[in-house]
Amino acid sequence: KSIEELSSTIDMFIPTLNMLDAVKPPVLVVENVPGFMGTKDKPNPINDVFCLQLRRRGYNIHQQVFNAIDYGGYTTRKRMYMVASTLNSEFAFPEPTGQKPFSVWADVIVPNMAEIMQRDITENKVTKDALTSGRAAIISKTRPFSPTMMKAQGQSTKDALMIEIDGRYYRPSTNVLKQLNSLPDSFDAEWLPVDKAAQVIGQSICCKLHHAIMDSVSKHVRSVGDMFKSGTQMALSL
């Protein structure tokens with residue numbers, strides 16, 4: 001088999017099932033692109049088979065697509081989350097916290113303005129092509145949120161994020177990209193080449209959305225502990 005054939009991720013749910021059979025965790029959390037979940041008009045058979053196999057193992061499945069801006073995020077990044085649980089306790093995904101208008105400019109751009117303005121790309125051909133083709137992903141003072149950054153952010157493609165300041169365009173630094181995804185200061189990307197750091201951050205999660213999801217998972221697990229403390233009988237299926 002060629003390297004290209006073996007590098008496919010289409011069957012990666014199978015090793016996940018193997019790990020579940022070996023470890024038997026009571027709760028599984030999966031994060032993926034929205035397309036993994038599929039839609040009514042365009043189902044994804046891989047997701048359908050994965051969910052069926054989880055149900056055969058006794059898991060109850062909760063699955064939904066989320067937009068980071070609904071949970072205090074700065075970008076319009078959408079991600080699919082699945083929580084599969086064998087615990088006999090209610091689970092609910094978090095309710096949206098509400099949008100925060102114009103926060104990306106005040107919270108991220110203004111504090112880093114001096115650093116941003118050192119990366120002027122206005123005269124670059126790729127910038128001009130992005131603007132004329134309509135593919136430019138622009139952060140500006142008049143827009144409440146940042147577009148979603150891509151994996152190819154560090155390659156300066158037409159889809160890469162740019163910041164508009166007084167009619168000129170600038171490329172966000174690694175530090176700005178981290179803040180757009182609400183990554184903690186402890187996330188160290190300084191040891192990576194700039195383009196690789198942008199690639200890693202460009203395909204990462206929005207931490208504000210992720211923390212909201214995991215808080216719901218934590219409440220779900222803690223509720224089981226509360227049942228044990230209170231003496232309530234609880235079924236656990238594995």
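The lining of the largest pocket is made up of seven nonpolar residues, five polar residues and one charged residue, where Ala, Val, Leu, Ile, Met, Phe, Trp, Tyr, Cys and Pro count as nonpolar, Asp, Glu, Lys and Arg as charged, and the others, Gly among them, as polar. The model is predicted, with local features needing pLDDT of at least 70 and side-chain atom pairs counting only at pLDDT 80 or more, while totals for chains, interfaces and linings use all residues. Residues are numbered from 1 along each chain as its sequence is written, and side-chain values use heavy atoms, with hydrogens and water left out.

**Exercise 1.** Describe the largest pocket and find which element gives the most to its lining.

*Solution.* Begin with the term: on a 1 Å grid over the protein atoms alone, a pocket is an open set of points where a 1.4 Å probe fits, with protein on both sides within 12 Å along at least five of seven lines, and lining residues have an atom within 4 Å of a point. Next, 13 residues line the largest pocket, and Thr 9, Met 12, Phe 13, Asn 32 and Phe 36 lie nearest its centre. Two or more lining residues come from each of helix H2 (13-23), strand S1 (27-32), helix H3 (34-37) and helix H4 (45-56), helices (H or I, at least four residues) and strands (E, at least two) being DSSP runs numbered from the N terminus. Finally, S1 gives the most, with three residues.

**Exercise 2.** State how the lining of the second largest pocket divides by class.

*Solution.* The residues that line the second largest pocket include Val 33, Arg 77, Met 149 and Gln 203. By class, its lining has three nonpolar, three polar and three charged residues.
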